[in-house]
Amino acid sequence: MENMANKVARIPNLVDWSTGEVRLMSAKCNSCGTHFFPKEHYQHRPGCSREGVEDVLLPQKGKLASYTIQYYPCPAPFKTEKKITPYGIGLIEFEEEKIQVTGIITETDLKSLKLGMEMETTILEMFTNEEKQQVVTWAFRAVK
């Protein structure tokens, strides 16, 4: 994994890289077994008592369940210093957790995308903030 020392998440409590892998910060409800993302999204299932919710890191790898390719810049407030168009938006399924998460597809030949292919969670460098830190968000890329 690349050096993460000077990176900061655009939105706190969504992505974690403290284990050496980039992983999404999810939660699991022990009342109904539902995983949800972001982890603060407690209204996950009607009628659930929502007791025993615990923080869970999603696996680093999942499967591409759906995708689209965008040929225009990401709308505000999303911003990047580098041009990323065209870019893919992928729906990644974490099978065991029965959850799908959407994210930008990066570092991947968009023509090679195939449903069911293995993808891994990574980061996308967005911009440099006033403290000279790289502001990042989560993204997905094809597993090589």
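Which residue takes a positive phi in the hairpin of β7 and β8? In this predicted model, that residue is K98, with a phi near 55°. Four residues sit between the two strands of the hairpin. The strands themselves run antiparallel and are joined by seven bridges.

What about its charge partners? E97 is buried yet has no salt bridge. The nearest side chain of opposite charge belongs to R23, and it is 7.1 Å away; a salt bridge would need a side-chain nitrogen within 4 Å of a carboxyl oxygen. Leaving aside residues up to four places away in sequence, E97 touches H35, L58 and P59.

Turning to the aromatic rings, a search of the whole structure comes up with two pairs. One of them is F37 with W138, an edge-to-face arrangement with the centres 5.2 Å apart and 90° between the planes. This pair ties together distant parts of the chain, 101 residues apart: F37 belongs to the loop between β4 (35–36) and β5 (53–57), while W138 is in strand β10, residues 134–142. Are these two residues buried or exposed? F37 counts as buried because its relative accessibility is 17%, and W138 is buried too, with a relative accessible area of 16%. The cut-off behind both calls is 20%.

The other pair brings F94 and F140 together, and this one is tilted, with 6.5 Å from centre to centre and 50° between the planes.

One more ring has a charged neighbour. Which residue lies over the face of F127? That is K79, found at 4.3 Å from the ring centre.

Technical notes
Residues numbered from 1 in each chain as written. Predicted model: local features only at pLDDT ≥ 70, side-chain atom pairs only at ≥ 80, totals over all residues. Heavy atoms only, no water. Phe/Tyr/Trp six-rings, centres within 6.5 Å; stacked < 30°, edge-to-face > 60°. Buried < 20%, exposed > 50% of the residue type's maximum accessible area, 1.4 Å probe, protein only. Lys NZ or Arg CZ within 6 Å of the ring centre and 35° of its normal. Lys, Arg positive; Asp, Glu negative; His and termini not counted. Contact = heavy atoms within 4.5 Å. Pairing = 2+ DSSP bridges.
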